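Student: I've got a structure to go through, and I'd like to ask what stands behind each label. Can we take it step by step?

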Amino acid sequence: VYRQEMKGAGWDLGNVLREIEEKKLYLARRDSKTQAPVHATFDDFCEREFDCSGRWARGMIDVAQSFTREQAMGLGARKLMPMLRLDAASRQELVERAVEMTQREVDEEVAERTEGQPRRATERDNAIPTNGQP
């Protein structure tokens with residue numbers, strides 16, 4: 001039960017990180033002397049406050065947006081992240097079978113299904129960097 005709840009907490013974290021990134025809440029903390037933001041970018045915020053990369057944080061955000069909490073509790077973000085490369089129908093079909101699969105099997109099946117395809121594009125890939133400016 002605790003292991004499942006920890007996986008669900010990862011899904012919850014993805015939603016919190018999404019809000020922090022979307023609302024640029026990482027800019028809210030200010031230096032007491034200069035009043036400049038302590039974190040100029042979301043990536044900097046993630047690295048300094050959560051000891052994780054911005055890439056990993058965005059993966060958690062994508063998991064939270066693409067899967068239900070129940071799916072996250074059943075499989076965990078580690079199994080779900082590779083599935084983000086699949087179209088919605090393939091993703092759902094694999095989610096139903098992944099409970100009985102190892103991580104390696106999930107990774108291999110996703111690789112087979114996406115061989116020769118470009119990496120999945122997200123809205124974030126087309127975003128214009130703000131360099132910490134809202």
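What follows is a talk through the helices, the cysteines and the confidence of this predicted model.

Tutor: Ground rules first: residues are numbered from 1 along each chain as its sequence is written. Because the model is predicted, local features need pLDDT of at least 70 and side-chain atom pairs count only at pLDDT 80 or more, while totals for chains, interfaces and linings use all residues; side-chain values use heavy atoms, with hydrogens and water left out.

Student: How do you know that the span of helix α1 agrees with its number of residues?

Tutor: Helices are DSSP runs of H or I with at least four residues, strands are E runs of at least two, and both are numbered from the N terminus. The expected span is 1.5 Å times one less than the number of residues. For the 21 residues of α1 (2–22) that should give 30 Å, and the end C-alpha atoms are 30 Å apart, so the two agree.

Student: Which residues of α1 are buried, and what do they pack against?

Tutor: Buried means under 20% relative accessible area, exposed over 50%, and partly exposed in between (1.4 Å probe, protein chains only). In α1 the buried ones are G8, G10, W11, G14, L17, I20 and E21. They pack against α2 (42–50), α3 (54–66) and α4 (69–75). After α1 comes K24, with a positive phi near 55°.

Student: What makes C46 and C52 buried or exposed?

Tutor: C46 has a relative accessible area of 0%, so it is buried. C52, at 13%, therefore counts as buried too.

Student: What makes the buried residues of α6 line one face?

Tutor: In α6 (88–98), S90, R91, L94, V95 and A98 are buried. Seen down the helix axis, they fall within an arc of 135°, so they line one face; the arc is that of the directions from the axis to the C-beta atoms. On the other side, A89 and E96 are exposed. The cover over the buried residues includes α3, α4, α5 (77–83) and α7 (103–114).

Student: Why is Q103 called buried, and what does its side chain reach?

Tutor: Q103 sits in α7, and its relative accessible area is 16%, so it is buried. A polar atom of its side chain lies 3.1 Å from the backbone oxygen of R78. Contact means heavy atoms within 4.5 Å. Beyond its neighbours within four places in sequence, Q103 is in contact with R78, K79 and P82.

Student: And T114, why is that one called buried?

Tutor: T114, also in α7, has a relative accessible area of 4%, so it is buried. Leaving aside neighbours within four places in sequence, T114 is in contact with R85 and L86.

Student: How confident is the predictor in the chain, and where does pLDDT stay under 50?

Tutor: pLDDT is the predictor's confidence in each residue, from 0 to 100. The chain's mean is 87, and 87% of its residues reach 70 or more. Over residues 121–134 pLDDT stays under 50. Where pLDDT is low, the predicted coordinates should not be read in detail.

Definitions and conventions: A polar contact is a pair of N or O atoms within 3.5 Å; within protein, one must be able to donate a hydrogen and the other to accept it, and residues adjacent in sequence count only if both atoms are side-chain atoms.
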